[in-house]
Amino acid sequence: MNDVKSRYKQYLDSEEGARKYNEFKDILYGKRDSLVVKLFGIIYPKLKGRDSLRVLDMGGGDGRRLMHLIRLFRAEGVRIEADLVEPSRTFTKNARKTVLENGYTVRVERNTFEDFEPADARGYDLILSIHSIYTFRDDSYLKKVRGLLRPGGLAVFVVNDGSSFLGGLKRITDASYGTSRNEIDSLMRALEGVPHRMLKFDTIFSGVSGAKGLNRKGNLILEWIGMRPLSDIPMEVRVQAARFFARRTRGGSIREKEVVVMVGN
């Protein structure tokens, strides 16, 4: 299987891939998931004044981020009814368990967004794509997103910036596949002529390297981005990646550049 998009889906389908993704998130964003907190601060003022919202989380993983957002909206008196669509068997299994245990009004469907059909035609006030555009087959997903938005609705895409650390690391690890993931350039091409707003911010993380190079956390990031155990990553790729980590580290920290793109309806 020499296609990076297929490998990405296969890896997240596994227990190992799902576990490493959550460990990766903890390294970058902490247990409280600072990305969700940041996003809520951006989204809530744009939807303020509504007492209920219909939300679609496409590529929502195990639902942890969606449910975190639901709690933040609830604290402001906003009721949420949500659909989560996710192709990973492991993630959807875990999401259904969490929904059941916590009583959230969330319908979980194992499917790709391209093949997803809403259970009803009411549309959505908020559609989320949090680091989940990378495996779309083509740009048709954007037309589908806009068609699912209610009047006054908001679609929010979170992606790596073109000059980001993780974007650069993906270019290193993906070279052996001969293909690449969808990144911000494909999103921006699809948005040509479509009104949108863009915000950029930095996520700063540390503790991934030591005197002898990458430590356990650094290697875990490399494994997740490379979508395979460290022992299966070619040595030349590991050496190149370690040098890249070193070049991008300043004062013990790495600055990851992220982009939020918002499309209204």
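How many helices and strands does the secondary structure of the chain come to? The count is 10 helices and 10 strands. The model is predicted. A search of the whole structure turns up 1 cavity of 30 Å³ or more, and about 570 Å³ of space lies in the largest cavity.

**Overall fold**

- The chain has a radius of gyration of 18 Å, which agrees with the value near 18 Å for a compact globule of 265 residues.
- Buried residues make up 53% of the 265 in the chain.
- Take the contacts between residues at least 6 apart in sequence: 81% of them join residues at least 24 apart.

**The cavity**

- The search finds 1 cavity of 30 Å³ or more.
- The lining of the largest cavity has 38 residues, and those closest to its centre are Tyr8, Leu12, Gly59, His131 and Ser132.
- By type, the lining residues divide into 17 nonpolar, 11 polar and 10 charged.
- Several helices each supply at least two lining residues: helix 1 (4-13), helix 2 (15-29), helix 4 (64-75), helix 7 (165-174) and helix 9 (216-226).
- Strand 1 (52-58) and strand 2 (79-86) also each supply at least two.
- Helix 2 gives the most to this lining, with 5 residues.

**Helix 2**

- Helix 2 has 15 residues and spans 21 Å from its first C-alpha to its last, close to the 21 Å expected at 1.5 Å a residue.
- Its buried residues include the aromatics Tyr21, Phe24 and Tyr29.
- Lys20 and Lys25 of helix 2 are buried as well.
- Glycine 30 follows helix 2 and has a positive phi, near 80°.

**Helix 5**

- Helix 5 (residues 89-102) has 14 residues, and its first and last C-alpha atoms are 20 Å apart, close to the 20 Å expected at 1.5 Å a residue.
- The buried residues of helix 5 are Thr90, Phe91, Thr92, Ala95 and Val99.
- These buried residues pack against helix 1, helix 2 and helix 4. They also pack against strand 2 and strand 3 (106-110).

**Tyrosine 141**

- Tyrosine 141 sits in helix 6 (residues 140-148).
- Its relative accessible area is 1%, so tyrosine 141 counts as buried.
- Beyond its neighbours within four places in sequence, tyrosine 141 is in contact with Phe113, Ile133, Phe136, Phe157 and Leu187.
- Arginine 171 is 30 residues from tyrosine 141 along the chain, and their C-alpha atoms are separated by 23 Å.

- Most residues other than glycine have a negative phi.
- Histidine 131 has a positive phi of about 50°, although it is not a glycine.
- Histidine 131 lies in the loop between strand 4 (124-130) and helix 6.
- Histidine 131 counts as buried because its relative accessibility is 13%, under the 20% cut-off.
- Histidine 131 is also one of the lining residues closest to the centre of the largest cavity.
- Methionine 227 is not a glycine either, and its phi is positive, near 60°.
- Methionine 227 lies in the loop between helix 9 and helix 10 (235-248).
- With a relative accessible area of 0%, methionine 227 is buried.

How values were computed. Residues numbered from 1 in each chain as written. Predicted model: local features only at pLDDT ≥ 70, side-chain atom pairs only at ≥ 80, totals over all residues. Heavy atoms only, no water. 1 Å grid on protein atoms, 1.4 Å probe; cavity = no way out; pocket = protein on both sides within 12 Å on 5 of 7 lines; lining within 4 Å. Points joined across faces, edges and corners; volume = space filled by probe spheres on them. Helix = DSSP H or I, 4+ residues; strand = E, 2+ residues; numbered from the N terminus. Nonpolar A, V, L, I, M, F, W, Y, C, P; charged D, E, K, R; others polar. Expected span 1.5 Å × (residues − 1). Buried < 20%, exposed > 50% of the residue type's maximum accessible area, 1.4 Å probe, protein only. Rg over C-alpha atoms; globule rule 2.2 N^0.38 Å. Contact = heavy atoms within 4.5 Å.
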